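Open the model in your viewer and keep the selection tool ready.

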Amino acid sequence: MNSNLEGKVVLVTGASSGIGQATALALSEAGAKVVVGARRTDRLKLLAEDAPGDVLVLDLDVTDQQAVQDAVAATVQRFGRLDALVNNAGVMLNGPILGADTTEWTRMIETNLLGSMYAVHAALPHLLESKGSVVQVSSTSGRIASAAAAAYSASKFGITGFIESLRQEVTTQGVRVVVVEPGFVSTELITHGTDPALRAMAQQMADSMRTLQPEDIANAVVYALGQPDHVSVNQLLIRPTDQDR
Ligand code: NDP
């Protein structure tokens with residue numbers, strides 16, 4: 001148990017796999033009441049069975065602004081408050097700019113950037129009331145762009161910028177804002193892409209190093225949210241030791 005998380009109400013987006021799933025479980029183990037949102041609710045229901053604490057399962061597509069507002073409303077209706085939003089839902093559909101399927105760009109911007117922005121917009125009145133926190137899962141790709149990841153990088157640079165503006169707007173009102181920037185984590189993320197060469201390259205990269213596990217990032221989120229109220233952990237950049245850039 002983490003005394004600063006005991007009884008806190010935390011909404012985690014994209015909790016049906018990978019980092020979001022591990023984070024929701026870790027927060028529940030730390031004593032939080034957790035609300036989990038994603039489109040694959042069958043997976044969320046299994047998570048709720050495994051978690052030791054109270055878990056509310058929500059069918060949530062973060063690209064749908066009304067659904068995001070409804071998710072925040074359902075959280076407050078069930079638990080009476082919202083103490084933290086973990087903006088984690090994301091997709092990575094990499095490929096070169098030349099000849100790109102731009103519907104994949106739209107999907108990444110709508111999910112990784114706008115989806116997170118909608119969630120902040122909906123949650124902020126409640127977070128101001130509770131003097132709560134926002135944890136934004138960005139990426140090393142939000143700091144260092146690379147070839148064949150242009151739109152993904154744009155979405156992550158974008159959300160890191162949005163979140164820094166948010167921090168400046170609300171920190172003196174007691175709302176803490178954390179950006180988490182993971183390097184390579186073993187999850188389903190690399191399986192979403194449609195370019196077979198890039199998927200193979202990502203798999204090769206995964207096989208060539210001791211990658212991070214979702215729990216490594218979950219631990220960092222629990223650390224940041226578990227700090228006393230006067231301590232604001234603003235940025236956590238976490239790479240595998242074996243990853244050089
Ligand atoms: P996963 O693919 O395992 O998880 C992605 C999660 O996002 C799933 O739960 C998925 O749920 C959810 N999601 C995707 N689209 C939507 C949507 N429209 N609405 C709601 N939920 C959605 O990958 P990761 O755990 O790796 O990714 C989590 C975050 O971490 C992402 O933001 C990613 O960019 C970031 N990240 C990952 C890194 C890595 O190496 N793995 C490195 C740096 C950052 P569902 O499909 O059920 O809706």
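Predicted model: local features only at pLDDT ≥ 70, side-chain atom pairs only at ≥ 80, totals over all residues.

Select V12, L27, V36, V86, V180, L225 and L236: within the largest nonpolar core, which has 35 residues, they touch the most other members. Now colour the elements that give two or more residues to this core: β1 (9–13), α1 (18–29), β2 (33–38), α2 (41–50), β4 (84–87), β6 (176–182), α7 (214–225) and β7 (235–238). Helix α7 supplies the largest share, seven residues.

**Stop two: salt bridges**

The whole structure holds seven salt bridges. Start with R40 and E188, whose side chains meet at 3.1 Å, N to O. R40 sits in the loop between β2 and α2, and E188 in the loop between β6 and α6 (196–207), 148 residues apart. R40 is partly exposed at 34% relative accessible area; E188 is partly exposed too, at 27%.

Next, select R81 and D83. Their closest N and O atoms are 2.6 Å apart. R81 is partly exposed at 39%, but D83 is buried because its relative accessibility is 5%, under the 20% cut-off.

Move to R210 and D242, a salt bridge with closest N and O atoms 2.7 Å apart. R210 is in the loop between α6 and α7 and D242 in the segment after β7, so the pair ties together parts 32 residues apart in sequence. R210 is exposed at 59%; D242 is partly exposed at 35%.

**Stop three: the surface**

Finish with D59, D61, D64, D70 and E110, a patch of negative charge on the surface. D64 lies in the loop between β3 (55–59) and α3 (65–79) and is partly exposed at 37%.

Definitions and conventions
Residues numbered from 1 in each chain as written. Heavy atoms only, no water. Patch = residues over 30% accessible without salt bridge, like charges linked within 9 Å, V, L, I, M, F, W, Y side chains within 5 Å. Areas by Shrake-Rupley, 256 points an atom, 1.4 Å probe, with all protein chains shown as cover. Salt bridge = Lys/Arg side-chain N within 4 Å of Asp/Glu carboxyl O. Lys, Arg positive; Asp, Glu negative; His and termini not counted. Charge placed at Lys NZ, Arg CZ, Asp CG, Glu CD. Helix = DSSP H or I, 4+ residues; strand = E, 2+ residues; numbered from the N terminus. Buried < 20%, exposed > 50% of the residue type's maximum accessible area, 1.4 Å probe, protein only. Core = buried A, V, L, I, M, F, W, Y, C linked by side-chain atoms within 4.5 Å.
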